[in-house]
Amino acid sequence: MRAIIRRLRPTLWWQGGVDVVITHAPPRHIHDAEDPCHKGFACFRRLIKKYQPSYFIHGHIHREFSHTSERISVVDTTNVVNTYGYYLMEIESRPDTE
């Protein structure tokens with residue numbers, strides 16, 4: 001994943017960043033687990049820190065949620081959302097992009 005992000009850097013720079021990132025796995029230490037199959041990627045944390053997308057959406061971590069707030073974490077200014085099962089969300093456009 002680190003190599004893929006590295007290859008995307010020129011595009012991310014040229015486009016001025018990214019608003020929404022969708023991946024299978026979570027960022028490291030956000031919604032992930034310690035077993036090898038469920039560890040998140042540290043490079044996703046660096047991507048969040050550097051580019052500050054509005055949303056980082058992932059699946060893979062299978063658990064049931066009794067409340068929506070259990071599946072959403074805020075890291076800096078990024079909403080990290082675990083969409084396991086399904087999750088309906090509405091994303092509004094920013095005023096500067098209309």
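The paragraphs below go through this predicted model from the whole chain down to single residues. Residues are numbered from 1 along each chain as its sequence is written, and because the model is predicted, local features need pLDDT of at least 70, side-chain atom pairs count only at pLDDT 80 or more, and totals for chains, interfaces and linings use all residues. Side-chain values use heavy atoms, with hydrogens and water left out.

The chain contains 2 helices and 4 strands. Helices (H or I, at least four residues) and strands (E, at least two) are DSSP runs, numbered from the N terminus. Read from the N terminus on, the elements follow the order α-β-α-β-β-β. The radius of gyration of the chain is 14 Å, close to the 13 Å that the globule rule gives for 98 residues, so the chain is as compact as a globular protein of that length. This radius is taken over C-alpha atoms, and the globule rule is 2.2 Å times the number of residues to the power 0.38. Along the principal axes, the C-alpha atoms fill a box of roughly 40 × 30 × 20 Å.

Of the 98 residues in the chain, 34% are buried. Buried means under 20% relative accessible area, exposed means over 50%, and partly exposed lies in between (1.4 Å probe, protein chains only). A contact means heavy atoms within 4.5 Å. Among contacts between residues at least 6 apart in sequence, 56% join residues at least 24 apart.

Next comes the sheet. Strands of a sheet pair through backbone hydrogen bonds, either parallel or antiparallel. Two strands count as paired if DSSP finds at least two bridges between them. Here 4 strands form an open sheet in the order β1-β2-β4-β3, with mixed pairing. Its edge strands are β1 (20–22) and β3 (72–75), each of which pairs on one side only. Neighbouring strands of this sheet are turned by 20 degrees against each other on average, direction ignored. The axes behind this angle are lines fitted to C-alpha atoms, for helices over the stretch in contact, and angles run from 0 to 180 degrees between N-to-C directions.

Two of the pairings can be followed in detail. β1 and β2 (residues 55–58) pair in the parallel sense over 3 bridges, and I22 stands opposite I57 in β2. β3 and β4 run antiparallel and are joined by 4 bridges, with S73 opposite V80 in β4. The hairpin of β3 and β4 has 2 residues between the strands, and D76 in this hairpin takes a positive phi near 55 degrees. In β2, Y55 and I57 point one way while F56 and H58 point the other way, and all are buried.

What does helix α2 pack against? The buried residues of α2 pack against α1 (2–15), β1, β2, β3 and β4 (78–82). These buried residues are C43, F44, L47, I48 and Y51. Seen down the axis of α2, they fall within an arc of 145 degrees, so they line one face of the helix. The arc is that of the directions from the helix axis to the C-beta atoms. On the other side of α2, K49 and K50 are exposed. After α2 comes Q52, with a positive phi near 45 degrees.

Rings of Phe, Tyr and Trp (its six-membered ring) pair if their centres lie within 6.5 Å; planes under 30 degrees apart count as stacked, over 60 as edge-to-face and the rest as tilted. The whole structure has 3 aromatic pairs. In one of them, the rings of F41 and F44 have their centres 5.2 Å apart and their planes at 65 degrees, so this pair is edge-to-face. F44 also forms an aromatic pair with F56, which is tilted, at 5.2 Å centre to centre and 55 degrees between the planes. F44 lies in helix α2 (residues 42–51) and F56 in strand β2, so the pair ties together parts that are 12 residues apart in sequence. F41, F44 and F56 form one aromatic cluster.

Two histidines in loops remain. H31, in the loop between β1 and α2, has a positive phi of about 65 degrees although it is not a glycine. At 18% relative accessibility, H31 counts as buried. H60 lies in the loop between β2 and β3, and its phi is positive, about 70 degrees, although it is not a glycine.
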